[in-house]
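Subject: Structure for your files

Dear colleague,

Here is the structure I said I would pass on. My notes on what was found in it follow below.

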Amino acid sequence: QFSLKGPWLKRVEQYLSRKNHKYHRGVFITVCGASGTKVRGEALAATWDGLCENMEGAALARVLADYTFPLVELRVISNFVTDRDLSSWRLRESVEKSGEITAQIIKECLSHV
């Protein structure tokens, strides 16, 4: 487990709140493959009290922790864990929104460093 709580998280949350961006903060569950069924997603959420699943976040958190480098992980959710239905995924929209919000956060939060 890696805690990402710290001053950078606080800065990012303040920015998101100030700009009225809807967000949730919580546990990201690291998995070695995307869950393809609603049952699997529900089991992971119940076991780990997870907000979402990811594959990359823990690896990055592990490396940066070794160097005591701060990390804030931002996820824009493209789909919910259900029985696989690719037609319900919103990949393009989530990638665009992620890039937009990330650029805003970097501009706002790093301009004060």
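In the protein chain, 55% of the contacts with a separation of 6 or more are between residues 24 or more positions apart, a contact being heavy atoms within 4.5 Å. Please note that this is a predicted model, in which local features need pLDDT of at least 70 and side-chain atom pairs count only at pLDDT 80 or more, while totals for chains, interfaces and linings use all residues. Residues are numbered from 1 along each chain as its sequence is written, and side-chain values use heavy atoms, with hydrogens and water left out.

Overall layout. The protein chain has four helices and two strands, in the order α-β-α-β-α-α from the N terminus. These are DSSP runs numbered from the N terminus (helices: H or I, at least four residues; strands: E, at least two). The C-alpha atoms fill a box of roughly 45 × 30 × 20 Å along the principal axes. Of the 113 residues, 19% count as buried, meaning under 20% relative accessible area with a 1.4 Å probe, protein chains only.

Core. The largest nonpolar core consists of six residues: V12, Y15, L16, I101, I105 and C109. Helices α1 and α4 each supply at least two residues of this core. Such a core is a set of buried Ala, Val, Leu, Ile, Met, Phe, Trp, Tyr and Cys residues joined through side-chain atoms within 4.5 Å. Leaving aside residues up to four places away in sequence, C109 touches W8, R11 and V12.

Two elements give two or more residues to its lining, α1 (7-18) and α4 (91-110), and α4 has the largest share, with five residues. Among the lining residues are W8, V12, I105 and C109. A pocket here is an open set of points on a 1 Å grid over the protein atoms alone, where a 1.4 Å probe fits, with protein on both sides within 12 Å along at least five of seven lines; lining residues have an atom within 4 Å of a point.

Helix α3. The buried residues of α3 (57-66) are G57, A58, A61 and L64. They lie on the same side of the helix because they cover an arc of only 135° around the axis, taken from the directions from the helix axis to the C-beta atoms. Their cover includes β1 (27-30) and β2 (50-54). After α3 comes T68, with a positive phi near 45°.

Regards

Key:
Buried means under 20% relative accessible area, exposed over 50%, partly exposed in between (1.4 Å probe, protein chains only).
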